[in-house]
Amino acid sequence: QITLTVKIEKDDGQFAAYCVELGTATCGETYKEAEKNIFEAIAVDLKGLDEAGITDKFFKEKGIKVEELELEKKPEKISFEIEPCKAEATYKLALCM
């Protein structure tokens, strides 16, 4: 499991979404579209890191900590648990990979 911070802000008529730790960014016409787009973009970025074999190196360079979870069954794909933070459009994501 890793924890990532996602910020979504209204910017010039659109909603901009940004993952602080990964540097992933996207936008949408609506808040919900930006939210959906950033989660998809994060999944694509994480898959790319995995396929390139550089996930551990990237996480270490960015200070992203991986917490081991004891699960009976490993998830078949990346899953998101969203925990809203104090700031209205900031999320902490816990991802099982």
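**Close-up views of a predicted chain**

**View 1. Lys-62 is found in helix 2 (residues 55–62).** Helices (H or I, at least four residues) and strands (E, at least two) are DSSP runs, numbered from the N terminus. The model is predicted: local features need pLDDT of at least 70, side-chain atom pairs count only at pLDDT 80 or more, and totals for chains, interfaces and linings use all residues. Residues are numbered from 1 along each chain as its sequence is written, and side-chain values use heavy atoms, with hydrogens and water left out. Lys-62 has a relative accessible area of 47%, so this residue counts as partly exposed. Buried means under 20% relative accessible area, exposed over 50%, and partly exposed in between (1.4 Å probe, protein chains only). From Lys-62 to Val-20, the C-alpha to C-alpha distance is 10.0 Å, across 42 residues of sequence.

**View 2. The whole chain has two helices and five strands.** Their order from the N terminus is β-β-β-α-α-β-β. The chain has 97 residues, of which 32% are buried. Contact means heavy atoms within 4.5 Å. Of the contacts with a separation of 6 or more, 41% join residues 24 or more positions apart. The accessible surface is about 6800 Å², and carbon and sulfur atoms hold 48% of that area. Accessible areas come from the Shrake-Rupley method with a 1.4 Å probe; for residues, only the protein chains shown count as cover.

**View 3. Strand 1 (residues 2–11) and strand 2 form an antiparallel pair with six bridges.** Two strands pair if DSSP finds at least two bridges between them. Asp-11 sits opposite Gln-14 of strand 2. Two residues separate the strands in this hairpin, and Asp-12 has a positive phi near 55°.

**View 4. Strand 2 and strand 3 are also paired in the antiparallel sense, over four bridges.** Opposite Ala-16 stands Cys-27 of strand 3. This hairpin has five residues between its strands, with Gly-23 at a positive phi near 80°. Cys-27 is partly exposed, at 34% relative accessibility. Cys-19 is buried, at 0%. A disulfide is a pair of cysteine sulfur atoms within 2.5 Å. By this rule there are zero disulfides.

**View 5. Thr-24 occupies the loop between strand 2 and strand 3 (25–28).** Its relative accessible area is 5%, so Thr-24 is buried. The Thr-24 side chain makes a polar contact of 2.4 Å with that of Asp-45. A polar contact is a pair of N or O atoms within 3.5 Å; within protein, one must be able to donate a hydrogen and the other to accept it, and residues adjacent in sequence count only if both atoms are side-chain atoms. Leaving out residues up to four places away in sequence, Thr-24 touches Ala-17, Tyr-18, Cys-19, Ile-38, Ala-41, Ile-42 and Asp-45.

**View 6. The structure holds two aromatic pairs.** One of them joins Phe-15 and Tyr-31: the ring centres are 6.0 Å apart and the planes stand at 85°, so the pair is edge-to-face. The pair links distant parts of the chain, with Phe-15 in strand 2 (residues 14–19) and Tyr-31 in helix 1 (residues 31–52), 16 residues apart. Rings of Phe, Tyr and Trp (its six-membered ring) pair if their centres lie within 6.5 Å; planes under 30 degrees apart count as stacked, over 60 as edge-to-face and the rest as tilted. Phe-15 is buried, at 17% relative accessible area. Tyr-31 is partly exposed, at 24%.
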